[in-house]
Amino acid sequence: MSVAPAEILSLRRFGDEQIVTLAKLVIENAFQPIVEATTGAVFGYESLMRGFQRLGFASPLELLDKAEEVGQLLALEHLINSRAVAAFATIPDFSARTLFLNFDSRLVGGEDDIVERLVNHLKRANIAPSSLCFELSERFDSGKMPDFSALVRQLRLAGFKLAIDDFGAGFNGLKLLCDQPVDYVKIDRHFISGIERDPRKRHLVRHTVNTAHVLGTRVIAEGVETEAEFLACRDLGCDLVQGYFIARPTTHLSELQPAYPHLELSGAARRSSATLDSILIRKQIEQLPAVRESDELESAFDLFRVNPRQPFFPVLNANGEPRGILHEYHVKEMIYHPFGRDLLKNRIYQRRISHFVSPAPIADLDTPADEMLKIFAGMDGSDCVILTENMRYAGILSASSLLKIINEKQLKMAQEQNPLTGLPGNRAIRDYVQDAILDGDETRYFCYCDFDDFKPFNDTYGFQKGDLAITLFAALLRRHFIGEEKFLGHVGGDDFFVGVSGWTDQEIRSVLTRLAEDFRSDVRQLYSAEHQAEGRISGYGRDGVSKNFPLMRCSIAVLVLPQGFILSDTQTVSARIAEIKARAKESESGLVFELLHGD
């Protein structure tokens with residue numbers, strides 16, 4: 001909204017010392033939804049400042065800088081945040097949401113006042129501290145603030161949640177993530193803009209997500225403005241998203257929705273069926289009882305007494321999100337010390353469960369088992385991986401359970417290998433395709449190989465020779481495709497699949513051409529001398545009509561997903577492959593390429 005110069009001047013003439021008084025008249029709080037990436041359900045809201053232009057400032061940061069300059073920053077922050085909390089309390093189901101508030105690091109040192117004031121506001125509004133998340137900006141170098149760690153500890157022990165704002169764009173976000181027990185990392189818009197077209201950005205975001213999850217921290221993608229950016233962020237593992245594509249900030253709270261269906265529709269076909277990993281993980285999940293961080297330690301002692309063989313329990317906040325684990329050895333002195341219980345009843349001591357929480361790695365239930373193993377290994381000495389579903393606690397996986405999953409997966413995959421060729425079957429092929437379409441770092445080639453005129457050969461020479469043709473092709477596949485960047489699968493019968501990434505069109509075309517030529521030459525030796533000489537064989541087609549057929553060859557349909565292109569719908573792949581296979585059979589060379597893109 002543009003503001004008339006005269007209006008600005010009329011406000012400014014009162015002087016900078018009146019900045020808070022004037023802010024009360026013109027500053028408003030706008031809420032922008034932050035939603036769960038996989039469901040579109042609203043997780044919380046960020047409170048944003050509006051009306052600063054009417055005081056003559058180009059941005060909220062300019063207003064805050066001026067307030068700091070004239071010694072009114074604390075009063076201005078208190079005004080803005082208390083109004084945000086009051087507005088938040090009017091939203092239906094606010095107790096199930098989180099309010100994200102910006103915390104200016106320059107207030108460190110006088111934090112007792114603002115924290116105490118906020119706690120009192122929350123009590124009056126009946127809002128749990130875990131419903132508030134303070135965003136710590138990278139704009140200021142917190143490493144130079146000696147009281148910063150003490151502030152973080154104070155906020156966390158009070159039950160508040162913490163986020164690193166503008167991650168990657170400021171002073172020391174990585175250091176904050178390493179040193180402080182934060183709940184969320186908000187990836188700066190710079191890394192989100194055009195991410196679907198930029199492999200470097202995707203690489204950085206993917207590794208940020210993996211690193212954060214190892215540390216038990218969730219990831220929010222900021223500034224998501226297009227469907228392509230949303231899909232890329234969600235498929236790279238971002239837990240939450242925020243931006244204009246989801247919803248714009250609004251001062252009219254009645255406009256806020258509990259969920260945004262267009263997000264669910266955008267990702268409806270992400271997984272057409274459950275993967276083997278998710279099935280095995282759900283079989284092994286252990287649903288340990290959890291304690292709340294705001295509970296008295298007495299409740300934890302009861303759990304340890306009832307479950308003497310369980311050395312730890314997950315700790316959740318009031319919203320059901322994991323905060324870490326409570327280990328018996330951290331509190332055993334109070335459990336077994338003769339005066340431990342008396343100490344807990346002492347009001348001066350005032351220790352709650354939150355004082356004893358240890359971080360633990362976090363993973364979504366649908367995280368692939370191999371990635372979960374990396375997450376577990378990345379947190380040396382951790383007792384478990386805490387599993388979540390839609391951001392809420394779902395259970396845990398111990399090291400032994402994770403090893404069982406990996407072993408059972410390998411066994412299942414071995415059982416599903418085709419007994420004739422020893423190649424992976426349809427489930428493994430489907431899982432490979434589902435993973436590959438979500439990873440746009442390199443060009444991907446999906447090659448579907450099908451024998452032409454196999455039926456008359458099989459009818460004439462019998463199944464034994466038909467099996468020889470199939471094993472011959474499998475051996476040729478292994479000979480021509482060597483290296484970790486390839487995947488070989490046997491769909492069934494005379495249908496095969498090859499998945500390759502990172503090759504050039506020329507490289508894959510050359511290998512497939514040699515494969516087809518070698519098969520045509522080698523399979524010819526399975527025919528009788530008479531059929532070889534005539535170059536044809538008589539038999540019955542699929543329509544039951546007798547006619548002559550040429551000797552066998554293999555036709556290959558290749559679907560190409562270019563670098564940077566991410567797809568969520570496996571049905572699109574299946575439909576396009578069916579079209580290309582028909583064209584490949586009709587073509588003279590038997591080899592057809594088609595580029596799949598979003599246009």
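**View 1. The two sides of helix H20.** The face of H20 turned away from its buried side carries Gln-464 and Arg-479, both exposed (over 50% relative accessible area; buried is under 20%, partly exposed in between, with a 1.4 Å probe and protein chains only). This is a predicted model, in which local features need pLDDT of at least 70, side-chain atom pairs count only at pLDDT 80 or more, and totals for chains, interfaces and linings use all residues. Residues are numbered from 1 along each chain as its sequence is written, and side-chain values use heavy atoms, leaving out hydrogens and water. Helices (H or I, at least four residues) and strands (E, at least two) are DSSP runs numbered from the N terminus. The buried residues of H20 are Gly-466, Ala-469, Ile-470, Phe-473, Ala-474, Leu-476, Leu-477 and His-480. They cover an arc of only 160° around the axis, so they sit on the same side of H20. The arc is taken from the directions from the helix axis to the C-beta atoms. An α-helix has 3.6 residues a turn, so residues three or four places apart point the same way.

**View 2. What covers H20.** Strand E16 (444-452), H19 and helix H21 (505-523) are among the elements that cover the buried residues of H20. Contact here means heavy atoms within 4.5 Å.

**View 3. Helix H19 meets helix H20.** The axes of H19 (residues 454-461) and H20 (residues 463-480) come within 6 Å and cross at roughly 135°. Axes are lines fitted to C-alpha atoms, for helices over the stretch in contact, and angles run from 0 to 180 degrees between N-to-C directions. H19 and H20 are therefore oblique to each other. Angles under 35 degrees count as roughly parallel, over 145 as roughly antiparallel, 65 to 115 as roughly perpendicular and the rest as oblique. H19 brings Phe-454, Phe-457, Asn-458 and Tyr-461 to the contact, while H20 brings Phe-463, Lys-465, Gly-466, Ala-469 and Ile-470.

**View 4. The buried side of helix H6.** In H6 (residues 148-157), Phe-148, Leu-151, Val-152, Leu-155 and Arg-156 are buried. Their arc around the axis is only 125°, which puts them on the same side of H6. Just after H6, Gly-159 takes a positive phi of about 100°.

**View 5. Two asparagines with positive phi.** Most residues other than glycine have a negative phi. Asn-126 has a positive phi of about 60°. Asn-126 lies in the loop between helix H5 (111-125) and strand E4 (132-137). Asn-126 is exposed, with a relative accessible area of 65%. For Asn-390, phi is positive and near 55°. Asn-390 lies in the loop between strand E14 (384-389) and strand E15 (392-398). Asn-390 counts as partly exposed, at 34% relative accessibility.
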